[in-house]
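Hello,

Here is the structure we talked about handing over. Please have a look at it before you read my notes.

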Amino acid sequence: MITSKRKLPAKGGAIISEDKETLILDDLMQKITSKAFKSGEKLPSENELAEKYGVPRMTVRNALLKLEERGYIYSKQGKGRYLKEESLQIQLHLTAKTSFTEKMKQAGYNLETRNINCEKIGFDARIYRILNAPENGTVYKISRLRLLDDEPIAIHSSYVNEAMFPDIGEDGRQIGSMFAYYRKLGYTEFASRKSLLSITFPSSKEQQLLSCKSLVPLIVVESDCVDAKEGNILEHTKILYRSDKFKYDITMD
């Protein structure tokens, strides 16, 4: 139920036309963030909201569609719209000393990894510089989709210099854990040289892979994985994490 007493700007009992959709959206967002709606609760119908706010039903529908695009609510055909369940909290490590697979298993999560891509990339000055690859060299991108309890959580992409790993073009098609692959080649200790955190929005392909909407922000973590013994760069990593289904306990350990 809607419990907020806040009044929206109105004229003659109706919200001012140019602001009505935005004001409805802002009001519903305030109720969601203040937990006026409970997790999993059914929202009032379009007709109920249209009557409450004194606007046409289409205006309410547009505001609800934006909430859905942002990942706060979801629709059940013929039943209405519901607030999404409380997000699962997981640890988001910003270092590359331990593999993501090992971190999730140690925390007791049911993790599944799917290798989704292994391809040569075009010349990218920044990535080539990080990997110490010459402009005429070859760098591969190996991508894996991570799922927790069958829910897609992240896309991990590892950029690897072929000069460092001559068989990566063939081996990369089967890799689930890069750390496990490196260990097979004799690397046993890993370190992180740098970690960068930013936000982006998913491409159409990323929306399909992560089962999310276009306006759901993705947390981007970039880092360099280093062979701790020799100091050589093994890979540059870029990870896209969904922000709508999970809460992240960020740690540097």
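Predicted model: local features only at pLDDT ≥ 70, side-chain atom pairs only at ≥ 80, totals over all residues.

Residues are numbered from 1 along each chain as its sequence is written, and side-chain values use heavy atoms, with hydrogens and water left out.

The protein has eight helices and 12 strands (DSSP runs: H or I of at least four residues for helices, E of at least two for strands). Of its 253 residues, 43% are buried (under 20% relative accessible area, 1.4 Å probe, protein chains only). Contacts are heavy atoms within 4.5 Å; among those between residues at least 6 apart in sequence, 60% join residues at least 24 apart.

Now the rings. Rings of Phe, Tyr and Trp (its six-membered ring) pair if their centres lie within 6.5 Å; planes under 30 degrees apart are stacked, over 60 edge-to-face, and the rest tilted. The count by this rule is nine aromatic pairs. One of them is tilted and joins Y181 and Y182, at 6.1 Å centre to centre and 55 degrees between the planes. Y181 is buried at 11% relative accessible area, and Y182 is buried at 0%. Both belong to a cluster linked by ring pairs, together with F165, F179, Y187 and F190.

Two lysines have a charge over a ring (NZ of Lys or CZ of Arg within 6 Å of the ring centre and within 35 degrees of the ring normal): K52 over Y53, 5.5 Å from the ring centre, and K76 over Y82, 4.7 Å from the ring centre.

Regards

Definitions and conventions. Buried < 20%, exposed > 50% of the residue type's maximum accessible area, 1.4 Å probe, protein only.
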